[in-house]
Amino acid sequence: MNKSVFPENFLWGGATAANQYEGGYLSGGKELSTLDAITGGSHTSPRMITYKTKEGKIETCTRDATLPEGAVGYIDPEQYYPSHVATDFYHHYKEDIALFAEMGFKCFRLSIAWARICPKGTTEINEEGLAFYDKVFDELLRYGIEPIVTINHFDIPMYLADELDGWSSRKVIDYFLFFCETLFKRYKDKVKYWMTFNEINFLRSWTQIGIHQNDKQAKYQAAHHLFVASAEAVKLGHEINPDFQIGMMVAYIPSYPLSCNPEDVMEAIRFNREQEFYIDVQVKGYYPAHKLKEFERENVVIKKEAGDDEIIQAGTVDYIGFSYYMSTVSASNPDEVKYVGGNQMPAVKNPYLQESAWGWAVDPLGLRISLCKLYDRYNVPLFVVENGFGAVDKIEVDGTIQDDYRIDYFSKHIAAMKDAIELDGVDLIGYTPWGCIDVVSSGTGEMKKRYGFIYVDMDDQGNGTLARSRKESFYWYKKLIAANGIEE
């Protein structure tokens, strides 16, 4: 039998997020978060924020738009909000974890809903919320599954957004650290692996971080507060338990130049720098020179307190977690290229690649390229914490779900990871495919765009029994994990 190149302790598993999976949006003492006021959408219709102006008028805007000063999130009883039930892990956690164990998961990545632990995001603690995650972690550990916790995944308690303008306020750093300290102390003997913020390079508006304005000044000031909070959390976590492994998480989308025209090459450098900026600060511990020059050119002035730079330098992360779904292309003449879909952004069509039904380029070699670039640049352990293929799944007459297209996608991407380990020497901790059980799509709010190994009976309007069933990919992934990455 062939020997696996994956380490014996390699963390095979799956990944989810509270706002797309957990549901129970007002159950067990939880209060509202920003994502609770985001409607469903589709590939062609954007998700919307429903809000109330300070004059009391009910309005809507796209989820990344600027909100008027004084606007507050509002739940419209006439609208459908996917996060309210999602696919209901809150009431199905035992059943779901048993299915993960049946697949042989070594780990499971989940996020903790801030508003479930601290309902307003302040220093009020909801014991019922803490007890819920105790039960989840105990159930995982009973099966030998390592919890991987994202502390904050794409939302903020609505009170902090409405009353403090979210992460534009320095006060939110202290509230976040109180939240972190609560988690670290409560779960210090149950959770080893943490990540501070999900896809930090995509935190840009009221939806994710509670800011009403999202111009460059507002966005980068909020980012600075996120950097300080992350660094302080790393330091705090290591003080509470020196064995904690605390990472960062970024959406990594490598961009290739459209041609060997030096102008295209420079555009690719600019694109890649923008996401690497967030990694530079959290891994190297300082703002890169090119970003400081950009701030000078564009009159962006980051307000810092004394000691901020030292905090960021001291609070570097232990590993890089990243999502990889696709690559893109950079061109010096953007008006002359064709655009396709992408993860939280449009992307330039690559003539050498095919796309999914949602327009995302399928590029397995791009994962190896990403692993090489990140490891060469940062020389810290890497963790692929999201990767997957969104597609419409069909239930056959006999009840089976033949998702060979998903198996093909995963097979090729896992082969790319194997090459990165075996040929390139990359230190890779683990692999948690996104939406290992069907969850609500973050980008579109749909259910029909499915990622999971496990099918959940729920449609785009929230209709369904929530019954779980195994797809063909479930059995494939089970065999792959059992063989530590070796395909038959």
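At what angle do α12 and helix α13 pack, and how far apart are their axes? In this predicted model, where local features need pLDDT of at least 70, side-chain atom pairs count only at pLDDT 80 or more, and totals for chains, interfaces and linings use all residues, α12 and α13 (residues 404-422) pack at an angle of about 30°, with their axes 8 Å apart. Residues are numbered from 1 along each chain as its sequence is written, and side-chain values use heavy atoms, with hydrogens and water left out.

Helices (H or I, at least four residues) and strands (E, at least two) are DSSP runs, numbered from the N terminus. Axes are lines fitted to C-alpha atoms, for helices over the stretch in contact, and angles run from 0 to 180 degrees between N-to-C directions. Because angles under 35 degrees count as roughly parallel (over 145 as roughly antiparallel, 65 to 115 as roughly perpendicular and the rest as oblique), α12 and α13 are roughly parallel to each other. On the α12 side, Pro364, Leu367, Arg368 and Leu371 meet Lys412, His413, Ala416, Met417, Asp419 and Ala420 of α13, where contact means heavy atoms within 4.5 Å. The residues of this contact divide into six nonpolar, one polar and three charged; here Ala, Val, Leu, Ile, Met, Phe, Trp, Tyr, Cys and Pro count as nonpolar, Asp, Glu, Lys and Arg as charged, and the others, Gly among them, as polar.

Gly359 is buried, with a relative accessible area of 12% (buried means under 20%, exposed over 50%, partly exposed in between, with a 1.4 Å probe and protein chains only). Residues up to four places away in sequence aside, Gly359 touches Val340 and Gly341.

Turning to helix α10 (residues 289-297), Glu294 lies within it and is buried at 11% relative accessibility. Beyond its neighbours within four places in sequence, Glu294 is in contact with Lys216, Tyr220 and Glu274. With Lys216 there is a polar contact between the two side chains, at 3.0 Å; such a contact is a pair of N or O atoms within 3.5 Å, where, within protein, one must be able to donate a hydrogen and the other to accept it, and residues adjacent in sequence count only if both atoms are side-chain atoms.

Backbone geometry deserves a look too. Most residues other than glycine have a negative phi. Asp165, in the loop between α5 (158-164) and α6 (171-186), has a positive phi of about 60° and is partly exposed at 25%.
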